[in-house]
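Q: Could we go through this model together, feature by feature, so that I learn how each one is read?

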Amino acid sequence: MPDQALTPAPPLAGHDRSFGGIRVAAPDNLAIVSLALPLGEEDTAERAIETGFGVDLPGIGKSLTCEAGRTRLLRLGIDSAFVLFEHPAPDALAVVAAKLGDAAYLTDQTDVWCGLGVSGPDCRAALERICPVDLHDDAFAVGDAARTVMEHLGVIVIRTGKDAFLLLSSSSSARSFLHAVETSAANVT
């Protein structure tokens, strides 16, 4: 047998491209762990999240940062959430489990999703061309999140700053996702 080791890598690793006033970049080492709050034990899980991360679980359709901005909690359903953070090793589940113990059901989703950061003064104009969610400041504030479709792909869109968004889509269609976002960005500039 050959003496080779495989190293996991995000499908868009290292991607960073600009289109006028729009930057499209894949976040480095993005780890994603899903949380499911056990039926009847939601209060216990929420207390564990508050203790482990130092913040309350955000409301549905909201996200917030904690741990000096290194971690983002994202909630899209009544009994489920995501923890997003930078982590280079393939043991993201252990990091979250160390904070929550067995208070919630955890699943490492890192390899399931790919992420794109889209930022710059023209980024909202580019995203509005392919996203049916109203991304205007009055309708989609910093910290808001939604599941939607861009082109034909399922996407989670998170507003991370005034002119910044984090997009998550299935890693199995990462190149199609990147193509859709970059084509829209190129057409705006």
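Q: Which residues of α1 meet which residues of α2?
A: In this predicted model, Ala48, Ile49, Gly52 and Phe53 on the α1 side meet Val96, Lys99 and Leu100 on the α2 side. Sorted by class, the contact of α1 with α2 has 5 nonpolar, 1 polar and 1 charged residues.

Q: How is the packing of two helices described?
A: In general, two packed helices are described by the angle between their axes together with the distance between those axes. Here helix α1 (residues 42-53) and α2 pack at an angle of about 105°, and their axes are 8 Å apart. Angles of 65 to 115 degrees count as roughly perpendicular, and α1 and α2 are therefore roughly perpendicular to each other.

Q: What is the strand order of the open sheet, and which strands stand at its edges?
A: The open sheet has 6 strands in the order β1-β2-β8-β11-β10-β9, and the pairing is antiparallel. At the edges stand β1 (16-19) and β9 (145-150), each of which has a single partner strand, so one side of each is left without a neighbour in the sheet. From one strand to the next, the twist averages 25°.

Q: Which helix packs on the sheet, and which strands does that helix touch?
A: Helix α4 (residues 174-188) packs on the sheet and touches β1, β2 (22-25), β8, β10 (153-161) and β11, while its direction makes about 10° with that of β8.

Q: How many of the residues of β8 are buried?
A: Of the 7 residues of β8, 5 are buried, so this strand is largely enclosed by the rest of the structure.

Q: Which residues have a positive phi although they are not glycines?
A: As background, most residues other than glycine have a negative phi. Glutamate 67 has a positive phi of about 50°, and glutamate 151 has a positive phi of about 60°. Glutamate 67 is placed in the loop between β4 (62-66) and β5 (71-77), whereas glutamate 151 lies in the loop between β9 and β10. With a relative accessible area of 22%, glutamate 67 is partly exposed.

Q: Where is glutamate 41 placed, and how far is it from phenylalanine 82 in sequence and in space?
A: The loop between β3 (30-36) and α1 holds glutamate 41, which at 42% relative accessibility counts as partly exposed. Glutamate 41 and phenylalanine 82 are 41 residues apart in sequence, and from C-alpha to C-alpha they are 18 Å apart in space.

Q: Where does histidine 87 sit, and what does its side chain contact?
A: Histidine 87 is in the loop between β6 (80-86) and α2 (92-100), and its side chain makes a polar contact of 2.5 Å with the side chain of aspartate 91. Not counting residues up to four places away in sequence, histidine 87 touches Asn29, Ala31, Ala92 and Val95.

Note on methods
Residues are numbered from 1 along each chain as its sequence is written. This is a predicted model: local features need pLDDT of at least 70, side-chain atom pairs count only at pLDDT 80 or more; totals for chains, interfaces and linings use all residues. Side-chain values use heavy atoms; hydrogens and water are left out. Helices (H or I, at least four residues) and strands (E, at least two) are DSSP runs, numbered from the N terminus. A polar contact is a pair of N or O atoms within 3.5 Å; within protein, one must be able to donate a hydrogen and the other to accept it, and residues adjacent in sequence count only if both atoms are side-chain atoms. Contact means heavy atoms within 4.5 Å. Two strands pair if DSSP finds at least two bridges between them. Axes are lines fitted to C-alpha atoms, for helices over the stretch in contact, and angles run from 0 to 180 degrees between N-to-C directions. Angles under 35 degrees count as roughly parallel, over 145 as roughly antiparallel, 65 to 115 as roughly perpendicular and the rest as oblique. Ala, Val, Leu, Ile, Met, Phe, Trp, Tyr, Cys and Pro count as nonpolar, Asp, Glu, Lys and Arg as charged, and the others, Gly among them, as polar. Buried means under 20% relative accessible area, exposed over 50%, partly exposed in between (1.4 Å probe, protein chains only).
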